[in-house]
Amino acid sequence: MSRMIQIFDTTLRDGEQSPGASMNVEEKLSIARQLARLGVDIIEAGFAYSSPGDFEAVRTIANEIEGPTICSLARAKPADIDSAWEALKGGAKVRIHTFISTSDIHLKHQFRLTREEALKRAVEMVSHARGYVEDVEFSPMDATRSDETYLCEVLEAVIAAGAKTVNIPDTVGYAIPQDFGRLIEAIRKRVPNIDQSVISVHCHNDLGLAVANSIAAILAGAGQVECTINGIGERAGNASLEEVVMALRTRKDLFGADTKINTEEITKASRLVSKITGMMVQPNKAIVGANAFAHESGIHQDGLLKEKMTYEIMRPESVGAGKTHIVLGKHSGRHAFKKRLEEMGYHPNEAELDQAFERLKRLADQKKEIFEEDLETIITEEMDRPSETYKLIAIHVESGSEVTPTATVEMSIGETVRKMVGKGDGPVDAVYRTIAAITQTKSRLLSYNVKGITGGTDALGEVSVSIEEEGKTAMGHGADTDIIIASARAYLNALNKLAARAARGGKTEPKVGLI
Ligand code: KIV
Ligand code: ZN
């Protein structure tokens with residue numbers, strides 16, 4: 001049986017403390033609705049005393065959201081606690097979360113209080129909050145830089161005053177997992193009445209250890225984790241909810257602990273928070289990054305296509321992220337390419353597949369991202385390729401405002417290789433004239449069209465031409481990131497079709513131009 005860990009989400013309070021992430025009441029309410037769908041146990045909706053907007057957000061969320069407990073933060077001051085209660089009082093399940101620092105650094109330099117004064121204030125304010133509500137949480141701020149004996153004294157006193165949850169904040173992200181786990185164990189041993197309270201942890205990510213510290217604390221007996229969606233929060237952020245939850249779910253065998261989070265709602269929550277706060281999620285972010293379930297390496301793709309467990313420790317569907325994404329790129333394998341083409345409805349033969357795969361690799365060297373449209377273009381060209389009489393070997397074009405466009409084209413015609421230089425009114429014209437000279441075609445160019453298939457300056461450009469010879473027309477298509485090469489391919493594709501037709505009709509041999 002797994003121990004159930006309470007998830008205390010503070011996206012709307014500590015998360016909002018991320019620079020530039022402030023949210024209005026409507027925005028907070030829509031995130032709170034998603035947090036309720038996600039199944040968090042507690043929503044810290046704001047810091048009621050801090051501003052009229054926060055007060056209104058706490059009040060609205062407490063009144064409208066069903067399911068989770070709604071909490072407001074309050075400094076250890078009567079006015080803060082009164083304001084938190086005013087905002088919360090209409091709610092069905094509410095909590096006041098009050099805090100004061102316990103580290104000498106904070107007490108001396110910021111609060112200007114002695115340890116005794118801070119302890120007295122903490123006890124008085126927990127009692128004050130308990131006058132309003134049973135569910136009171138207390139945080140000794142900067143706990144991880146506090147004297148352990150004093151910290152334990154404060155915890156014992158606030159629990160005696162009625163705190164149902166004692167939260168251990170690593171306010172400045174100073175802890176490391178081993179030490180933090182040991183601190184939680186020490187608290188369990190040294191605070192005599194600790195059983196009357198849930199131990200919570202609240203880790204900041206200044207050293208990138210917020211999730212690891214939270215997990216270490218759970219292993220040491222913590223029963224609540226404070227976290228935020230996408231790990232947003234003050235400075236480097238807070239422990240990320242999705243990472244803590246999925247670590248527990250994925251390694252239930254090891255931790256013997258789980259949460260009641262409905263993980264299929266994670267991706268939606270992540271996207272909503274990102275959209276509302278304007279804070280982008282880095283692509284390689286665990287669980288919710290765009291690449292979290294994307295595989296590019298051919299070896300991984302091959303394994304995945306055989307059995308998902310080979311390279312996936314959790315299913316994307318389990319966090320609502322859709323399906324595993326096989327990214328076709330320069331590291332992809334033939335197996336994944338073939339599978340994707342089949343999904344798109346193409347069943348190329350081995351030779352077509354080889355040709356198309358080679359082109360995919362060349363394209364991936366030139367282009368950052370391969371889109372489905374790119375694949376479509378490559379495969380239709382390869383499957384629709386007539387037997388190739390004319391093959392392009394190399395092109396070099398010189399053009400610009402000061403020079404006459406000049407093309408050097410090298411191609412094979414059957415077994416013969418030919419190279420020729422020609423001029424034209426523009427680079428494409430120079431290439432077309434040179435190809436016409438090499439092939440000695442009598443065809444006329446009827447139309448020439450170019451379009452970008454995908455966005456960006458590295459887009460694959462597609463050229464379509466139609467040509468006519470002795471009353472017979474042929475269409476040709478060519479695609480490449482270089483529009484001149486795409487143009488040459490399109491022209492040769494059309495010439496090859498005419499040649500193939502002539503061959504089927506038992507007519508003309510391919511022509512070879514003179515050098
Ligand atoms: O980081 C912190 O110490 C806090 C407290 C208010 C819990 O956010
Ligand atoms: Zn914090």
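This is a predicted model: local features need pLDDT of at least 70, side-chain atom pairs count only at pLDDT 80 or more; totals for chains, interfaces and linings use all residues.

Q: Which domains is the protein chain divided into?
A: Domain 1 covers 3–277, domain 2 covers 294–383 and domain 3 covers 390–504.

Q: How far apart are the centres of domain 1 and domain 2?
A: Their C-alpha centres lie 44 Å apart.

Q: And how many residues are in contact there?
A: Six from domain 1 and seven from domain 2.

Q: What area is buried between domain 1 and domain 2?
A: About 510 Å². Carbon and sulfur atoms give 58% of that.

Q: Which three residues supply more of domain 1's buried area than any other three?
A: M246, T250 and T267. Together they supply 65% of the area that domain 1 buries against domain 2.

Q: Which helices are on that side of domain 1?
A: Helix 9 (241–250) and helix 11 (266–277) each supply at least two residues of the side that touches domain 2.

Q: Switching topic. Where is S30?
A: S30 sits in helix 1, residues 25–38.

Q: Buried, exposed or in between, and why?
A: S30 counts as partly exposed because its relative accessibility is 24%. The cut-off for buried is under 20%, and exposed means over 50%.

Q: What does S30 touch?
A: L272 and I276, leaving aside residues up to four places away in sequence.

Q: How far is S30 from I65?
A: In sequence, 35 residues. In space, C-alpha to C-alpha, S30 and I65 are 10.0 Å apart.

Q: Now strand 14. Is it mostly covered or uncovered?
A: Mostly covered. Strand 14 runs over residues 406–413, and seven of its eight residues are buried.

Q: What does strand 14 pair with?
A: Strand 13 (residues 390–398) pairs with strand 14 in the antiparallel sense over eight bridges. Strand 14 also pairs with strand 15 (residues 416–423), antiparallel, over eight bridges.

Q: What about the turn from strand 14 to strand 15? How many residues are between the strands?
A: Two. In that hairpin, G414 takes a positive phi near 60°.

Conventions:
Residues are numbered from 1 along each chain as its sequence is written. Chains are lettered from A and ligands numbered from 1 in the order in which they are written. Side-chain values use heavy atoms; hydrogens and water are left out. Buried means under 20% relative accessible area, exposed over 50%, partly exposed in between (1.4 Å probe, protein chains only). Helices (H or I, at least four residues) and strands (E, at least two) are DSSP runs, numbered from the N terminus. Two strands pair if DSSP finds at least two bridges between them. Domain bounds come from an automatic or database domain assignment. Contact means heavy atoms within 4.5 Å. Buried area is the accessible area (1.4 Å probe) that two parts lose on being put together, summed over both.
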